[in-house]
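Subject: A structure for you to explore

Hello! I am handing over a structure that I would like you to look at. Please open it first, and then read my notes on what was found.

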Amino acid sequence: MKKAVFLIVIALLLGCAKDKGEVLAKFKGGKVTSDEFKKELSKVPDFAKGIFESAEGKKRFLEDLISRELIYFDAKKKKIDKEKEYLDMVERFKRDALLEILLKREVEDKAKVDESELKAYYDSNPEEFRLNEEVRVSHILVKTDAEARDVINRLKGGTDFGKLAIELSQDPASAKKGGELGYFKRGKMVPEFERVAFKLKQGEISEPVRTNFGYHIIKLTGRKQGQLVEYAKVTEVLRQRLLREKQKKIFEEWVAGLKKDAKIDINEKAFKSLTEEKKESPK
């Protein structure tokens with residue numbers, strides 16, 4: 001336990017500035033004050049705060065603060081702060097800190113989800129908030145978008161879905177059954193496929209859906225309605241989901257603008273030679 005406590009303290013507190021206050025402990029080259037003790041203790045994550053509530057716990061925390069200071073002074077004594085390894089780490093930290101601050105300002109601070117958006121999404125997408133809902137689908141899996149578009153055109157022309165699945169689908173197990181996948185609940189399929197499948201209406205055929213497996217044309221052939229979960233029970237989960245989606249959109253648009261202004265010129269010849277480098281054959 002003490003090792004874990006020590007690691008928490010070191011991870012959070014290394015390099016912190018000194019504060020004023022009554023001296024709790026002093027040693028050769030330094031001291032720990034009451035103000036510093038309170039400040040550092042307040043930074044301990046919630047899951048670990050209980051460790052330091054007792055007098056014994058606070059004493060261990062003080063001992064670890066002292067250990068931190070002794071390690072710091074030993075590093076200074078050995079002039080590690082002058083070494084290239086340390087200076088490189090500082091530069092990397094500066095770069096990461098700049099990125100973190102800018103991302104917060106340009107993405108996190110700008111992405112907001114209000115109550116009206118949450119309620120509107122909940123009301124417009126009831127199929128996403130049903131417990132134990134199941135859908136029955138058939139699909140045709142092909143390798144390219146062009147092939148998928150050709151399948152769509154043939155279906156629009158009246159060709160039977162099952163016949164095309166047997167003829168063209170790259171999913172052998174379902175192809176021999178006319179593309180039939182049967183009933184499934186949420187969480188059983190890859191997200192891109194599942195998201196579209198649950199939104200389809202009875203008999204409706206989707207546009208091509210891309211996944212890691214290829215391009216799917218999905219047909220809904222059945223649905224078992226589940227119980228609608230109350231809005232209050234999904235609010236926070238939905239808030240986080242919509243927030244992530246907003247952040248992603250803001251980030252992508254922001255980076256796209258940066259790239260446009262940067263007038264990026266990639267040396268395709270040099271890049272091609274880099275990607276075509278062959279590993280040395282084993283002797």
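By the rule for a salt bridge (a side-chain nitrogen of Lys or Arg within 4 Å of a carboxyl oxygen of Asp or Glu), the count comes to 26. This is a predicted model, in which local features need pLDDT of at least 70 and side-chain atom pairs count only at pLDDT 80 or more, while totals for chains, interfaces and linings use all residues. Residues are numbered from 1 along each chain as its sequence is written, and side-chain values use heavy atoms, with hydrogens and water left out.

Some salt bridges

Side chains of opposite charge can pair when their charged atoms come close. Helices (H or I, at least four residues) and strands (E, at least two) are DSSP runs, numbered from the N terminus.

R241 and E128 also form a salt bridge, and their closest N and O atoms are 2.6 Å apart. R241 sits in helix α11 (residues 231-262) and E128 in the loop between α6 and β3 (130-131), so the pair ties together parts that are 113 residues apart in sequence. Are these two residues buried, exposed or in between? E128 is buried at 16% relative accessible area, whereas R241 is partly exposed at 24%. Here buried means under 20%, exposed over 50% and partly exposed in between (1.4 Å probe, protein chains only).

There is also a network of salt bridges linking E36, E40, K43, R68 and E69.

A pocket

The second largest pocket holds about 170 Å³ of space. A pocket is an open set of points on a 1 Å grid over the protein atoms alone where a 1.4 Å probe fits, with protein on both sides within 12 Å along at least five of seven lines; lining residues have an atom within 4 Å of a point. The volume is the space filled by probe spheres set on the points, which are joined across faces, edges and corners.

Both E128 and R241 are among the lining residues, as are R186 and F198. Helix α10 (residues 191-197) gives the largest share of the lining, three residues. Which kinds of residue make up this lining? Seven are charged (Asp, Glu, Lys or Arg), two are nonpolar (Ala, Val, Leu, Ile, Met, Phe, Trp, Tyr, Cys or Pro) and none is polar (the others, Gly among them).

Enjoy exploring!
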